Amino acid sequence: MKSLNVFPIVRKEFRQIKRDKRILGVLLFIPALMLFMFGYALNFDVKHTRLAVYDEEKSRTSREFTQLFFISEYFDYIYTLQSKSEINNLLDGEHVRAVLIIPSTFSKDLQKGNSTSIQVIVDGANSSTAATVLGYINSIIQQYSLKVMSQSFMRLGRQQLTLPIDFQPRIWYNPELKSAKFLVPGLIAFILMITTVISTTLSVVRERELGTMEQIMVSPIKPIELILGKTIPYIIISLFATVMILVLGYILFDISIKGSVLLLSLVTLFFLVGGLGMGLFISTLVETQQLAFMVAIIVSMLPTFVLSGFVFPIRNMPLIIQGVTYILPARYFLVTLRSIILKGVGLSAFWDQAIVLFVYAVIMISISSIRMRKILK
Amino acid sequence: MIFSKNRIQKHETTYSSDSYAVIAEGLTKRFGHFTAVDNISFKVKKGEVFGFLGPNGAGKSTTIRMLCGLLSPTSGQATVGGYDIAKEPEAVKERIGYMSQRFSLYEDLTVEQNIDFYGGVYGLEGQRMEDRKYWAIEMAGLKGKEKTLSHALSGGWRQRLALGCSILHEPPILFLDEPTGGVDPVSRRNFWDLIYDLSNRGVTVFVTTHYMDEAEHCNTIGLIYSGKLIAAGSPTELKHNLDKYSVFEVVCTNPVDAMEHLRQQVWTAETSIFGSAFHVSTLNVPEVHMKIQKTLEKENIVTSRIQKIIPSLEDVFIHLIAEEDERSNGKAIHL
């Protein structure tokens, strides 16, 4: 069999990319920009919540209690209220996120061994932040309760109170619980999905629009040669973008690849080929660059952002939506990426995901080849 | 022009089937209910310039696209260079060059890069690639502009570069789909010189056009109208269609009324406007020249010239199209 004639198309594609700085910009600058944006701006850690205190008692005990909030980095002291009527203003104007109200009987109740109640008003407009804030407040109050209980036990002359369960948390893979560590692998999937699908779709549709595709079609070039010639340049650029994200991730967020680089490259290649196949497939369905761009964005960017588990955990989604996520290649790629980069685990931990990615790549390339052959006829 | 017309009369002997570059038999293409090409058959001799002539939408491009393997025919068959377009499209593709009105060049690549690409696609390598690149740049007159973006070239240059790119692999058969559309007259002439040059070297050229003057320069013309091939032959042969008529050119004060009055005469076949004058074809009745003059005088139309002329191809086509319309309308009524 004659060897495949792919080089002229690859060379032409690279020459065009080199000429059109916009494509190169999209392929290289956007990933870097997104890494900055997502790494720094998209932060799920809730720290420095603005907190106001309305202390009706103003005793030593109540002050000691409120101090507990401000020694942690989770809360910032903003204001001490003089009357209850100020609460509305503070929350409405978003001057504070939460108000802590200590009753006038706080220390007396505690001394008598009665239970007392602390009221907390939280701005629930951002539900996930509010839930996290409530969690922090709750744990501080629990700690304080325990302290009060053990003190009263000792006063009653009993031996020191020991808790039946000693809680010893160890957080694996991302011990500091940094959001960036969780996001960077997802970002790789997100960016690769965009670059592969959009760039291949546009590069094919542009040729159809210009009429150069027709000129290629009357030549003896085979569909497989055209497909390879069209995809190889974008595989190379996308791999380059991946390496760039990993290097930037290491420099900026101290994220190193814990697992095998070889395995990482392999699954990335599967994912890339799948994305390119999808891009080619779209390009056989639409006629204009404008439409191609829109379809490519809708098919690649949105679901990958929302449904792949990149930002929002899949297990929190309604069951039907969870079902939908199974058709997204990014879902599987994300699991593999996090396994390799953050956990450093071997193939045994994610072989099933890798197989899905491989099958997906094969299916996409087959469908697009069939479609290509059809439009080349 | 550099070419000489005397070479046009060279094909008068009988031919065996392998002396044809293209043979189409009952070629038909339907898009849904619309029949773009309706059962057409023709033969193109090796080395000739075959002109496919017809109004826009007549089916010229559809036919050429079927012959190049860009469209598959609904029915019928065709061979190009001896290979069946449906069964051996790959063999066909290696033997043809194709260029359309859109001059499919990459505008963001330079002259040289465009040649590199198309040469590469056709599998040219090494010395042959270098030779052909040199040839194409010379041919298109683009020496010294190798590094210019094709986007920056004027229409005529782009057209010649596109032609060069489509024949880098030296195909024996060249398909040109309205190659001179949107190009200035001087460039058109230069382009036809290139076509004759190729034809002289034995390349078969199949060209579609709607320019009558271009059609006059073809060895053989096929006239396609509403998807049907309504006439084929050399320009001289086609003009014999008008042997039973005389064609006069009339210059007068009110040509529109004059045509209307002449059309009512039994001996008038057709009238058609040609610039400020008009042509009238009449049956060969005695003293028809005088009859025209008298008809117009009666209507107070002042004629400055009535002259018997040799019919042009345009006269022939207007005649043939009118006949075809009559035939299909007649059919419709009888149905």
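**Close-up views of a predicted two-chain model**

**View 1. B:Ser226 sits in the loop between β9 and β10 of chain B.** The model is predicted. Phi of B:Ser226 is near 50 degrees, a positive value in a residue other than glycine. B:Ser226 counts as partly exposed, because 17 C-beta neighbours fall inside 10 Å.

**View 2. Domain 1 of chain B meets domain 2 of chain B.** Seven residues of domain 1 of chain B are in contact with seven residues of domain 2 of chain B. On the domain 1 side, the elements that give two or more residues are α7 (212-216), β9 (220-225) and β10 (228-233) of chain B. The most comes from α7(B), with three residues. By class, this side has six nonpolar, no polar and one charged residues.

**View 3. B:Val280 is a buried residue of strand β13 (residues 277-283) of chain B.** B:Val280 counts as buried because it has 25 C-beta neighbours inside 10 Å, and 20 or more are needed. Leaving out residues up to four places away in sequence, B:Val280 touches B:Phe248, B:Val250, B:Leu262, B:Thr268, B:Thr271 and B:Ile292. B:Lys308 is 28 residues from B:Val280 in sequence, yet their C-alpha atoms are 9.5 Å apart in space.

**View 4. B:Asn300 lies in the loop between α10 (288-298) and β14 (303-309) of chain B.** Phi of B:Asn300 is near 60 degrees, again a positive value in a residue other than glycine. B:Asn300 counts as exposed, because 9 C-beta neighbours lie inside 10 Å, and the limit for exposed is 12 or fewer.

**View 5. The largest nonpolar core has 134 residues.** A:Ala189, A:Leu357, B:Val205 and B:Phe206 touch the most other members of this core. Helix α7 (residues 179-210) of chain A gives the most to the core, with 16 residues. B:Phe206 touches B:Val22, B:Val44, B:Phe50, B:Phe52, B:Ile64, B:Ile173 and B:Phe175, not counting residues up to four places away in sequence. A second, separate core has 18 residues, among them A:Phe75, A:Ala98, A:Phe106 and A:Ile137. In soluble globular proteins, nonpolar side chains tend to be buried together.

**View 6. Strands β1 and β2 of chain A run parallel.** Five bridges join β1 (residues 49-55) to β2 (residues 75-80) in chain A. Between them the chain passes through helix α3 (residues 60-71) of chain A, and this β-α-β crossover is right-handed. A:Arg50 stands opposite A:Asp76 in β2(A).

**View 7. Chain A has two assigned domains.** Domain 1 of chain A is made of residues 7-43 + 178-376, and domain 2 of residues 49-155. The centres of the two domains of chain A, taken over C-alpha atoms, are separated by 48 Å.

**View 8. Chain B in outline.** The secondary structure of chain B comes to 11 helices and 14 strands. Along the principal axes, its C-alpha atoms fill a box of roughly 75 × 45 × 40 Å. Chain B has 335 residues, of which 41% count as buried. Among contacts in chain B with a separation of 6 or more, 71% come from residues 24 or more positions apart.

Methods
Residues are numbered from 1 along each chain as its sequence is written. Chains are lettered from A and ligands numbered from 1 in the order in which they are written. This is a predicted model: local features need pLDDT of at least 70, side-chain atom pairs count only at pLDDT 80 or more; totals for chains, interfaces and linings use all residues. Domain bounds come from an automatic or database domain assignment. Two strands pair if DSSP finds at least two bridges between them. Helices (H or I, at least four residues) and strands (E, at least two) are DSSP runs, numbered from the N terminus. A crossover is right-handed if, with the strands pointing away from the viewer, the path from the first strand over the helix to the second runs clockwise. Two residues are in contact if their C-beta atoms, placed from the backbone, lie within 7 Å. Ala, Val, Leu, Ile, Met, Phe, Trp, Tyr, Cys and Pro count as nonpolar, Asp, Glu, Lys and Arg as charged, and the others, Gly among them, as polar. A nonpolar core is a set of buried Ala, Val, Leu, Ile, Met, Phe, Trp, Tyr and Cys residues joined through C-beta atoms within 7 Å.
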